[in-house]
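Thanks for coming, everyone. I'll keep this brisk. Have a look at the structure on the screen, and then I'll walk you through it.

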Amino acid sequence: MDSLLKKRTLSLAVLAGIFSLGLHAETTGKRVPTNIPQPEKGQYVHVPPTMDDLEKSSMHPELKRVIRRGRDLFVNTQQLRGKNVFNDMNCNSCHMGEGRLPFSAPVWPAAVVLPNYRPKNDHVNNLEERIAGCFSYSMNGTPPEYGSDNMVALATYHQWLAKGVPVYQSGKTMYGRGYPKLPEPAEGMSYERGKQVYQENCSICHAEDGSGLRQNGEVVFPPVWGDASYNWGAGITRNFTLSSFVKHNMPLGQPNSLTDQQSWDVAYYINSHERPQDPRYTGDVKETRKKYLETFHKHTNYGLEVNGKLLGDHENLGGEKDFLKPDVLRARTYTAD
Amino acid sequence: MRLKSQFITALTILLISITSAHGIEGDAKAGEQTASLCVACHQADGSGMNIPGGESWPRLAGLDARYLYKQLVDVQAGTRTSPTMMPFVNMLDEQQMKNVSLYYSQLEPTQAAGGEDATDRQLALGEKLATEGDWDRYIVPCSSCHGPGNLGAGEHFPAIAGQHAGYIAAQLRAWQSGKRDNDPQHLMLAIAERMNDEDINAVAKWLSLQPAKPAR
C-alpha cells in the first residue's frame, strides 16, 4: 500500500513535470524549440511550487510573508549591493526562473540534501552555509549573518521550493539538478572557437568586453568577466559548470540551441578573462591553485597561462570590495573545545 | 575671422557631443524636416496612434535612435515587411534615416492607448508575463531583455512600456506567423511563438498602461 502510493505519486509527479516544466508538446514543432531533456526512467521529478501556489496555500500569513521576502532577495539580490553583494549578479542570474528551473541549478535540492559533507570547504555544511558560499564567491561579497532576517528568508524560500520532497534521498536521481556535466569535448576547448561563439551568440547582451549591460542604473545583462562579475572562486569558473549552464540556458529563451562543443569552447573563452581574486588567495596564484587543485581549480583556468597572461595573478578584489575573504569562510572541526 | 573659426570649432564640438551620445551620427534638426513624411501616422509629437481593429501606429517618441534606425534600414532592405512604411522609407537615404531616428529619439515619450478596457484578469496575467514571465512554458519575463520598467535596454531591446497595445499585439502575432523576422538571433521570435492569444492580449494591454519614462 505504502509503495503503491509512492509509485503513483512519482508517476503523477513525472506527468506534472512534463506538462509544467516547459516540456510540453507545444514547444516542439516551433522554429525555436526548447529541447529540454525529458526525465529518464527512475529519475525523481519535482515541480517546485509557484508564487500562485503560495498565495492559495493555508500556511501561516507570516510564513508566506517571509517566503515572499526570500524570493524577493533571490530575484533582486542587488538590493544588498555594497552590504553583501559587490558585483552585478543576482541569485537569479545563474539559478534562472526564480530558482525553479531544471538544468539551471534549481535550488530545492539544496534544501533536501543538506546538511552534507562538501569537498569545496572540506566540512559538513548546512543550507545557510551553502548560501553563504554563493555570497562569498558568485556575488563576490559576504553573506548576510547566519540567522539574520535576510538569511532566514532566503533559506525559507529554498526550503519551501522543496515542498514534499523526501529529505536525504539520493541526489543523483533528481531530474534537472545542478548543471549536468556535458560529454567531454571531442575537440578539446579552444579560445579562438569560443571567441567566435561568444561574438555570434552572447555579445549582443553581455557585450564584446564581457561587461554586460546596465540600464537606468540597474543590471539588465550580468557581466560575464571583469570587476563586476563572479570571482575566481565561484563554481561557475569551472569550465564544466559554465559549459553546462550555457548549453542548457543560453542564449536567453533558446536553451539547448548550441552544440556541446560550442558550449565548452565559449565557457573556456569566457573563463580565460580576468575577474576578481579568489577569496582563498594566499598571495601567490600558483600556490592557491595548487592548494585547491583537486577540489576545485583543476577545472578552472585560474593560475594558468592563457595567451601569454597568467590568469588570477593580481590583487584586484573587484572594484568596490575592500576585503579579500569574508570571515565566514573558515574551517569547522565539529569537535569539543 | 579668428572669432568665427572659434565659433565653428565650438559648434562642431557641440554637434559631435549631441550626436555621438546616441551612437548615431546625425542631425536631429534635419531629422525634424524629414519627419514631415511621418507625422500623418506617427503624429507631430511622435505619439503614434492605437487603432482598435486596424493597423496601430507605434509611438516613436523617446525610443532608442539606434533601434529606430535599424528598423528603417530593415524596412528598406525588405527584411522587415511593412507595406505601410515601405513607400515612405524608400524615399530616404541613409543620412536622412539617421537624422529622423535621432529626432524621434529625442522627443519626450508620450503615454499609450489600448489598455483601457483591460479586465483585472488580463492585467494580472500581463503584469506576470512582463515582470516575472512564465518559466513553465519558457516564456521569459519581458523585462529580462527590455530592461527595468520595460523601458528599453541598449540598442537592441526597445522600450515596450507605454507602447500602444494594438501595435505590441500585432508585432507578437507577426512574429508568430513569420511576417516579422528581423529580431537579432530570433530572441523575440522564440518567446512570441510560445505565447497564446490570451497572453498576447494581456501583455499588450498591461504594457500600454505602464509609464513611458522612468519615475523621477
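How many residues does the contact take from chain B, and how many from chain A? It takes 23 residues from chain B and 22 residues from chain A. Keep in mind that this is a predicted model.

Stay on the chain B side for a moment. Two elements give two or more residues to the side that touches chain A: helix H8 (143–146) and helix H10 (187–192) of chain B. H10(B) supplies the largest share, with 4 residues. What about residue classes? The side of chain B that touches chain A divides into 13 nonpolar, 6 polar and 4 charged residues.

Now chain B as a whole. Chain B has 11 helices and 0 strands. Read from the N terminus on, its elements run α-α-α-α-α-α-α-α-α-α-α. Chain B has 216 residues, and 50% of them count as buried. Next, its contacts. Take those in chain B with a separation of 6 or more: 72% of them join residues 24 or more positions apart.

One helix pair in chain B deserves a slide. Helix H4 (residues 65–77) and helix H6 (residues 94–105) of chain B pack with their axes 8 Å apart, at an angle of about 140 degrees. Is that roughly antiparallel or oblique? Over 145 degrees would count as roughly antiparallel. The angle here is about 140 degrees, so H4(B) is oblique to H6(B). The crossing of the two helices is right-handed.

Which residues make that contact? From H4(B) we have B:Ala65, B:Leu68, B:Tyr69, B:Leu72 and B:Val73. From H6(B) come B:Met97, B:Lys98, B:Ser101, B:Leu102, B:Tyr104 and B:Ser105. By class, the contact of H4(B) with H6(B) has 8 nonpolar, 2 polar and 1 charged residues.

Over to chain A. It is divided into two parts: domain 1 (12–173) and domain 2 (191–310). Their centres, taken over C-alpha atoms, are separated by 22 Å. The contact between them takes 19 residues from domain 1 and 21 residues from domain 2 of chain A. On the domain 1 side that touches domain 2, the classes are 8 nonpolar, 9 polar and 2 charged.

Next, a helix in chain A. Is helix H10 (residues 239–249) of chain A enclosed or open? Of its 11 residues, 10 are buried, so H10(A) is largely enclosed by the rest of the structure. The buried ones include A:Leu242, A:Phe245 and A:Val246. A:Lys247 and A:His248 are buried in H10(A) too. And what do the buried residues of H10(A) pack against? They pack against helix H4 (91–94) and helix H11 (260–270) of chain A.

Last stop: one serine. A:Ser203 lies in helix H9 (residues 203–206) of chain A. Is A:Ser203 buried or partly exposed? It has 14 other C-beta atoms within 10 Å, so A:Ser203 is partly exposed. Buried would need 20 or more. Leaving out residues up to four places away in sequence, A:Ser203 touches A:Tyr198 and A:Glu208. One distance to finish: A:Ser203 and A:Arg275 are 72 residues apart in sequence, and 17 Å apart in space, C-alpha to C-alpha.

That's my tour. Over to you for discussion.

Methods
Residues are numbered from 1 along each chain as its sequence is written. Chains are lettered from A and ligands numbered from 1 in the order in which they are written. This is a predicted model: local features need pLDDT of at least 70, side-chain atom pairs count only at pLDDT 80 or more; totals for chains, interfaces and linings use all residues. A residue is buried if 20 or more other C-beta atoms lie within 10 Å of its own, exposed if 12 or fewer, and partly exposed in between; C-beta atoms are placed from the backbone. Two residues are in contact if their C-beta atoms, placed from the backbone, lie within 7 Å. Ala, Val, Leu, Ile, Met, Phe, Trp, Tyr, Cys and Pro count as nonpolar, Asp, Glu, Lys and Arg as charged, and the others, Gly among them, as polar. Axes are lines fitted to C-alpha atoms, for helices over the stretch in contact, and angles run from 0 to 180 degrees between N-to-C directions. Angles under 35 degrees count as roughly parallel, over 145 as roughly antiparallel, 65 to 115 as roughly perpendicular and the rest as oblique. A crossing is left-handed if the near helix is turned anticlockwise from the far one by less than a right angle, and right-handed if clockwise. Domain bounds come from an automatic or database domain assignment.
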